[in-house]
Amino acid sequence: MNRIRTSTALAITGVAALALTPLALGQASNDPNYSNTVITVEGPNSNMLVPNWVAVKKTGLRVVRDSGGKAVRISARSVLSQAITGLKANSLSFKWTWYPEFSAPWITSIGGTGAKGKNGWNFRVNGLYFPKAANNVNLGVGDRVTWYWGQEYATVLTITTRSEEHTSE
């Protein structure tokens, strides 16, 4: 009796092909002071930015300005820092407002698409939703950030794997 073991990945929601998409040329770095990360933007109707390399500094702080010109000090390896660097490098507009009372940004638009009704801009890191502000989540080598337009849990990608044994005689 021969046993053949196969694994099957099933996409429950979202776009499973994202994990198979080759990375576009971007800002991957060989500098040991930087971590290479990946950024993707999923708009309401289509991908606005395919997976693209973005190098983020491994340590330290940086001063950035929100869309109103307010200076804010953030971690150089935060999701917010990656978005500011990566979207600018890919000519995709990124507008945000800093709210000091919450110590957090509100992302008002990406690529000209703003919040509407209950929908707005959220992010996942390595497929996981973080109920934190983008300045409070730090990235490491190889982390993949997906910005998506929708409600908090609306488009979270869930992948379930299962193994099946097939028997032949």
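1. Aromatic cluster. Phe94, Phe123 and Trp147 are joined into a cluster by ring pairs. A pair here means rings of Phe, Tyr or Trp (its six-membered ring) with centres within 6.5 Å; planes under 30 degrees apart are stacked, over 60 edge-to-face, and the rest tilted. The structure holds two aromatic pairs. In one, the ring centres of Phe94 and Trp147 are 6.0 Å apart with planes at 65°, so this pair is edge-to-face. Phe94 sits in strand E6 (residues 94-99) and Trp147 in strand E11 (residues 144-150), so the pair ties together parts 53 residues apart in sequence.

2. Basis of the model. This is a predicted model: local features need pLDDT of at least 70, side-chain atom pairs count only at pLDDT 80 or more, and totals for chains, interfaces and linings use all residues. Residues are numbered from 1 along each chain as its sequence is written, and side-chain values use heavy atoms, with hydrogens and water left out.

3. Buried means under 20% relative accessible area, exposed over 50%, and partly exposed in between (1.4 Å probe, protein chains only). Phe94 counts as buried at 15% relative accessibility. Trp147 is buried too, with a relative accessible area of 1%. The second ring pair is Phe123 with Trp147: centres 5.3 Å apart, planes at 50°, so it is tilted. That pair links distant parts of the chain, with Phe123 in strand E9 (residues 120-125) and Trp147 in strand E11, 24 residues apart. Phe123 is buried, like Trp147.

4. Overall build. The chain has one helix and twelve strands. Helices (H or I, at least four residues) and strands (E, at least two) are DSSP runs, numbered from the N terminus. The order along the sequence is β-β-β-β-β-α-β-β-β-β-β-β-β. Of the 169 residues, 36% count as buried. Among contacts with a separation of 6 or more, 60% involve residues 24 or more positions apart; contact means heavy atoms within 4.5 Å.

5. Surface. Accessible areas come from the Shrake-Rupley method with a 1.4 Å probe; for residues, only the protein chains shown count as cover. Tyr99, Phe102 and Trp106 form a nonpolar surface patch with about 370 Å² of accessible area together. Patches take residues with over 30% relative accessible area and no salt bridge, joining like charges within 9 Å and nonpolar side chains (Val, Leu, Ile, Met, Phe, Trp, Tyr) within 5 Å. A salt bridge is a side-chain nitrogen of Lys or Arg within 4 Å of a carboxyl oxygen of Asp or Glu. Phe102 lies in the loop between E6 and strand E7 (104-110). At 63% relative accessibility, Phe102 counts as exposed.

6. Trp121. This residue is in strand E9. Trp121 is buried, with a relative accessible area of 6%. Leaving out residues up to four places away in sequence, Trp121 touches a set of residues including Val41, Met48, Ile107, Trp147 and Trp149. A polar atom of the Trp121 side chain lies 2.7 Å from the backbone oxygen of Thr113. Polar contacts are pairs of N or O atoms within 3.5 Å; within protein, one must be able to donate a hydrogen and the other to accept it, and residues adjacent in sequence count only if both atoms are side-chain atoms.

7. Thr37. This residue lies in strand E2 (residues 34-42). Thr37 is buried, with a relative accessible area of 0%. A polar atom of its side chain is 2.7 Å from the backbone oxygen of Val54. The Thr37 side chain also makes a polar contact with the side chain of Gln82, at 3.0 Å. Beyond four places in sequence, the contacts of Thr37 include Asn52, Val56, Leu139 and Asp143.

8. Helix H1 and its ends. H1 (residues 79-89) is mostly covered, with eight of its eleven residues buried. Among them are Val79, Gln82, Ile84 and Leu87. Ser78 is placed in the loop between strand E5 (71-75) and H1. Ser78 counts as buried, at 0% relative accessibility. Its side chain reaches the backbone nitrogen of Ser81 at 3.0 Å. Apart from residues up to four places away in sequence, Ser78 touches Ala134, Asn135, Val137, Asn138 and Leu139. Just after H1, Ser91 takes a positive phi of about 55°.
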